[in-house]
Amino acid sequence: MAFPLSSSFNVPITRDPSPTSTFIPTFSFHRARLRSTTPPPAPSRIFCFSKKHHLTKEVVVEQRDTSAGIGQRIMNQLKSVIPVIVASVQITVLFPLVDPWPYVTPVARAVLYSPDTKVPRTGEVALRRAIPANANMKAIQDSLEDISYLLRIPQRKPYGTMEGNVKKALKIAVDEKDSILASIPAELKERGSLVHASLIDGKGGLQALIQSIKEQDADKVSVSLASTLDTVAELELLQAPGLSFLLPEQYMQYPRLSGRGIVEFVIEKGDGSTFSPLGGEERKTATIQVVIDGYSAPLTAGNFAKLVMDGAYNGVKLSSTNQAILSDNGLDKNSGYNVPLEIMPAGQFEPLYKTTLSIQDGELPVLPLSVYGAVAMAHNEASEEYSSPYQFFFYLYDKRSAGLGGISFDEGQFSVFGYTTTGRDILPQIKTGDIIRSAKLIEGQDRLVLPKEG
């Protein structure tokens, strides 16, 4: 039986049940989950009723008053009390008679509550953002990625703003050409010059993107934008041939991946049935490709790449839950390193080790778990400060079971080291008992650094 992603396999953890929610047991990830607290219903406007009741008492007059006198007194009382009632209603609406803090979003938690939280939703976007490239290229990338969010506006789209973003990126690409090319190693300079020229005037370049925006066809803009961002990523990868930071001395004995690699899995149905690839014929096997990222998780990706090259995952059975697809725990295999938990926070230049992130305090990882097809290591059975030396999982992100901002409750708790880029449509078809027929490192062998023997 496979280990859980953490050490508590039999203890389902979900958000606390409430009168407005149904308690549904889910697969245990063990780490304490962030709970999205639903604000209590607004209290009854009791001020108004109290004032009315008070008013009733004060307008009681002696029986000997004439009817005209009673009417005059009532009018006088109403003139003096109505402003108080109105003010009471306004104060009650603004400041309920309960603790107001549940209605106030602390600044540190704003990332969870904001509908504009720009968490990457595909592996390609997450991987592009993780490249440690030249600052000018990152400025170009940020300007273009903003267009992706502008395209989501449902009605009249701000094409003028989009065009401004592209022109800004184009100006940087032209004015800072020397700085951009200077960040590329000498042996890759020629290739870099060609890609840079393509970024400006090529088929998937900035000039072509401006033209598609002028046509005001959202579909064309989307396709052209994707092509331009691919060119940006290609140029950024030429600027990042290795790690941009030094590993701590105590971790130099671990395998490490100083860049990117691609692992190809061939999955076979355990019950003899077939896979149904999107747009293809049914087959007994299916292929999945995963890009593993050593820029942000060099130790985790390095250990995984070494295991793949050693054939450790060939013939391994998979287990499927509603949240993840796990490999066997590998207890019968004497392979793999006890790599510490490794997570690089967004905005930082090196990973943190043996520590998780506090999403409630606004911390987000460079490689988020909240992406369908994210690949991460399970927790070590002995200590959650370490990842499992062998067991990994594909994360089946589902926004419907995520927290505020669409962020997974387990975000920042696991060592994510890659994303499924080919065969995402196969993941939901994998069932318990299916088998990894083969796993091969088809790209990145030259970036894998192995520890010296002895």
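Mentor: Start with the residue classes. Ala, Val, Leu, Ile, Met, Phe, Trp, Tyr, Cys and Pro count as nonpolar. Asp, Glu, Lys and Arg count as charged, and the others, Gly among them, as polar. The model is predicted.

The largest pocket holds about 930 Å³ of space. Its lining has 35 residues, and Glu124, Leu127, Arg128, Asp230 and Ala233 are the closest to its centre. By class, that lining splits into 19 nonpolar, five polar and eleven charged residues.

Which elements supply at least two residues of the lining each? They are α4 (123-129), α5 (135-150), α10 (218-239) and β2. Helix α10 gives the most, with nine residues.

Next, take strand β2, which covers residues 260-268. Is β2 mostly covered or mostly open? It is mostly covered: seven of its nine residues are buried. Buried here means under 20% relative accessible area.

Strand β2 pairs with β3 and with β11. Nine bridges join β2 to β3 (residues 285-293), and the two run antiparallel. In that pairing, Glu264 stands opposite Gln289. Seven bridges join β2 to β11 (residues 435-443), again antiparallel. There, Val266 stands opposite Ser438.

Keep one general point in mind when you view the strand. In a regular strand, side chains alternate between the two faces of the sheet.

To put the part together: β2 is joined by bridges to β3 and to β11, and β2 also supplies at least two residues to the lining of the largest pocket.

Conventions
Residues numbered from 1 in each chain as written. Predicted model: local features only at pLDDT ≥ 70, side-chain atom pairs only at ≥ 80, totals over all residues. Heavy atoms only, no water. Buried < 20%, exposed > 50% of the residue type's maximum accessible area, 1.4 Å probe, protein only. Helix = DSSP H or I, 4+ residues; strand = E, 2+ residues; numbered from the N terminus. Pairing = 2+ DSSP bridges. 1 Å grid on protein atoms, 1.4 Å probe; cavity = no way out; pocket = protein on both sides within 12 Å on 5 of 7 lines; lining within 4 Å. Points joined across faces, edges and corners; volume = space filled by probe spheres on them.
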